[in-house]
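This briefing is for a reader who is new to the structure shown here. Please look over the sequence and the model before reading on.

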Amino acid sequence: MPPRDFRSAEHLPNLRPDQQPASPDELPRQRNGVTPQMHGRYPDYNVLDEADHWDEVTRRTVFERVESTPSLRFFTREEAATLGIFCDLVMAQDREPKIPVLNMVDAKLFAGQLDGFRYAEMPDDRETWRRLAIGLDAAARQHGAGDFAGASGDVQMRVVDALAKGELHGEVWDEMPPSITWKVVSRAILSAFYSHPWAWNEIGFGGPAYPRGFARLGVGQRESWEGAPAFERDPVKDTEQRGDEGPARP
Amino acid sequence: MSRRHELRTLLRGALRPPENDSAFLLDVHRRAVPQERMARYDDSFSVDLLIVGAGAGGGTLAQRLARRGWKVVVLESGPFWDPDEDWVSDEAGSHRLYWTEPRVIGGTDPVELGKNNSGHGVGGSMVHYAGYCPRFHPSDFEVRTRDGVGEDWPISYYDLRPHYERLELELPVSGEYWPWGDPHRYPHTPHPIAGGADAARAGARQLGIEMRVGPVGITNGAFGNRPHCIYRGYCLQGCKVNAKASPLVTHIPDAIEHGAEIRADCMVTRVEIDESSGRVTGVRYIHDGTERFQRADAVAVAGYSIETPRLLLNSTSRRFPHGLANDNDQVGRCVMVQGAPQVSGRFPDEMRMYKAPPPEICSEQFYETDERRGFARGFAIQTVGPLPIEHAQHVLGHGHWGAALREYMRDYNHWYTLGILSELLPLPENRVTVAADFTDQNGVPVARMDYSQCENDRKNIAYAKQTLHNIFAAAGAQDVLVTERYAHLVGGCRMGSDPERSVVDADHRAWSVPNLFIADGSVMPTQGSANPALTIMALASRLAERLALKRTGGASATRRPRRLRRGPRPAPSPVDAG
Ligand SMILES: Cc1cc2nc3c(=O)[nH]c(=O)nc-3n(C[C@H](O)[C@H](O)[C@H](O)COP(=O)(O)OP(=O)(O)OC[C@H]3O[C@@H](n4cnc5c(N)ncnc54)[C@H](O)[C@@H]3O)c2cc1C
Ligand code: SF4
């Protein structure tokens, strides 16, 4: 497979006929550190290698996310089964290694760490999550499944898609607007996922920058320690030379 | 250019602000504000002025009056931040900077609060503001007269101009020569800009849209004991460097030096009055779980456009059964936000938009009314530099989730983002009320904010968004992503010349309570398309000057609406015409 050229934007969903990306399995496998599912757009960049250059408080904050997965204390086992699948679909986490999104959301809700506002037609964020679990099951049943967790992958995708478009109806959804529910829960999911250094590795983000700062601000420039994107190396040759595994397969 | 302007240009960066030593009072070796010498007042001592909230308005007012020898206490519900220990160079870890106590939002176009809204702790919302410090335009103060919309202010641009100039030295503000509104220079030279801003500026230029670097409240070069910006891009997470201006570093140190007490972790729950005289006697507040009462000769409320109306509405009495200073049902009305949609553009080269301060370049070319556009008033264009979580929300806002969202995020380094600030009009139905059935941890009813747009608002936002699309197309962007947002909440206790249509007079004094003042963004009758912090500070600075002239008290209080001297109207500048 030829290396991908990211100067072109052909890989971006808006520019593709079905609005969906190609399989990320075409990317090299991450070689340094971890990315969710090991997709390696910046295969040799591990932001955690830079931790010596961060201030102590920030370092503690970030490492806590990697080193400890909070155990579930807010959600019941049944809720967690449903919502875990839901979070994985929203973030397209189809295999390990996974960022433990639901556990991170659970920890915030358990600690009552809310965002400072609530839509008038919505319950408290904590209650919204619980009702979401009930509502996902209800929507799956409308497709003939027993519940959301037991539904086929196709039905699960359709339910999440309908939620994102605000098109769920009946039971919970007649009382709790799906479009606002989507805003509330996606906000929590994205904050968890993109606060995790594994996600920073995947997107090539420079991460914490105090006290070092940034010096190379121009177009196409990066700091000496920032990761190079995959296309600058031929992933096939490169992995062969290193004796690493080839691109990850599901 | 006048001699004065030439001199200011020559002395750029070398001018020390008059009567404010804050930058020099900070410690070289740590970021926290030295508090060892801070005065402490007893609750039973009636201070000259009690200020609620140590933010943009409250912090500035405290410094000004402490300098004049007033005995000032500021009660701040949040902590006295230590940037070294309390702040992190991390997006999610900065959650504690925001006002996270519950609030309810409603209306047909509800405004999400939280991290995109008000702050908490000494320094207020400016701790996590981006750092743009533009002035308002002269037209902003008379939009009713000029454009037939909104409301005229009871003061003019020229009443604020000396305060703008003084504050620009104190923050200090850096930027290119500013051709819009009342043209002016900045005391600090413009910062270097990153690649993305360069590309956007080139695209704009092709369309005849002028973008300028700044104006930002970020030191360029060391300033007193505040070091140079290190271009790390975490301005919205609190500046651990002390390079970005907020009252915490620009006014609080000098206030403390001149005898003000900044009492943190004190949530004010009620402003008390004497039922017979109708005068304010002090405030009730909660510190460490205990309720206390601080006596004061006068009270200035500066708690932000949501908490200020909330505090007044919750301060009911026999004299004011519907809330303090709310005889005419004006408290909480005409609260405003700017329409702030963002458009991201994709480029072949890496832009890495997380570098450099998010506020880089700005255009006010569309600020004024242009009838050909089909709506009144206008908008500003600015860079925003979202970090990963913020950008992910942008991608999701465009409609992508799952695999598509991940693909867009893997492409993060190729994107650059511009934002709009659309002037939305003040509408009486847009208001802050209190939710009787929903209380906070202290048992105090929380604020509810309802917001709905009018036709002019929708047209403005749509036109502005299209302009950003055009800029990215001209800049050669390969793909764009659009998301809807709001920014900057002001109004809610507006100043005016008619007690039936406003809460305070031109001197920020409540129409019906002689020793109650409002000193934050709530007093704004309109919002322009400029970021509000500098104007909030300038208003507080002017208020201090007015108070210092008269001291407080019913005897000297003039209660009649006053006609204020208006300055000359400047000829529109050539760039404005576009
Ligand atoms: C993400 C973001 C970016 C922004 N960027 C910009 C920008 O680039 N440029 C710009 O000009 N503006 C910007 N702003 C807006 C700007 O920060 C605010 O408009 C401004 O700080 C408001 O000033 P204020 O004095 O009204 O209130 P604040 O600065 O919010 O101060 C109010 C203070 O009062 C305290 N308080 C409230 N209630 C009580 C109570 N009951 N008892 C005790 N204390 C209380 C609060 O804790 C707070 O510290 C931004 C805002 C946000 C959220
Ligand atoms: S970019 Fe500059 S001003 Fe902004 S937080 Fe960093 S050092 Fe402070």
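The points below cover the ligands, a pocket and some backbone features.

The model is a predicted one. Around ligand 1 there are 38 residues, and the protein covers 97% of the 990 Å² of accessible area that this ligand has on its own. The second largest pocket holds about 710 Å³ of space.

**Ligand 1**
- Of the 38 residues that surround ligand 1, the closest are B:E76, B:N117, B:S125, B:Y132 and B:A533.
- A nitrogen atom of ligand 1 is 3.0 Å from a backbone N or O atom of B:S77.
- Oxygen of ligand 1 also comes into backbone contacts: an oxygen atom lies 3.2 Å from a backbone N or O atom of B:G121, and an oxygen atom lies 3.5 Å from a polar backbone atom of B:A302.
- In chain B, the elements that contribute two or more residues to this shell are α3 (56–67), β6 (267–273), α10 (304–314) and α14 (533–550).
- By class, the shell of ligand 1 splits into 17 nonpolar, 17 polar and four charged residues.

**Ligand 2**
- The residues that surround ligand 2 belong to chain B, and they include B:C229, B:C235, B:C239, B:R232, B:K244 and B:P357.
- Nine residues of the shell around ligand 2 are nonpolar, one is polar and two are charged.

**Second largest pocket**
- The lining has eleven nonpolar, ten polar and ten charged residues.

**Cis peptide bonds in chain A**
- The bond from A:E96 to A:P97 is cis, with omega near -5°, and A:P97 sits in the loop between α2 (77–90) and α3 (101–110).
- The bond from A:Y210 to A:P211 is cis as well, with omega near 5°, and A:P211 sits in the loop between α8 (197–203) and α9 (235–242).

**Positive phi in chain B**
- B:N242 is not a glycine, yet its phi is positive, near 75°.
- The loop between β4 (212–213) and α8 (247–250) holds B:N242, and this residue counts as buried because its relative accessible area is 4%, with the cut-off at under 20%.
- B:C334, also not a glycine, has a positive phi of about 60°.
- B:C334 lies in the loop between α10 and β10 (336–339), and B:C334 is buried, with a relative accessible area of 4%.

Methods
Residues numbered from 1 in each chain as written. Chains lettered and ligands numbered in written order. Predicted model: local features only at pLDDT ≥ 70, side-chain atom pairs only at ≥ 80, totals over all residues. Heavy atoms only, no water. Near = heavy atom within 4 Å. Nonpolar A, V, L, I, M, F, W, Y, C, P; charged D, E, K, R; others polar. Polar contact = N/O pair within 3.5 Å; in protein donor to acceptor, adjacent residues only side chain to side chain. Areas by Shrake-Rupley, 256 points an atom, 1.4 Å probe, with all protein chains shown as cover. Helix = DSSP H or I, 4+ residues; strand = E, 2+ residues; numbered from the N terminus. 1 Å grid on protein atoms, 1.4 Å probe; cavity = no way out; pocket = protein on both sides within 12 Å on 5 of 7 lines; lining within 4 Å. Points joined across faces, edges and corners; volume = space filled by probe spheres on them. Buried < 20%, exposed > 50% of the residue type's maximum accessible area, 1.4 Å probe, protein only.
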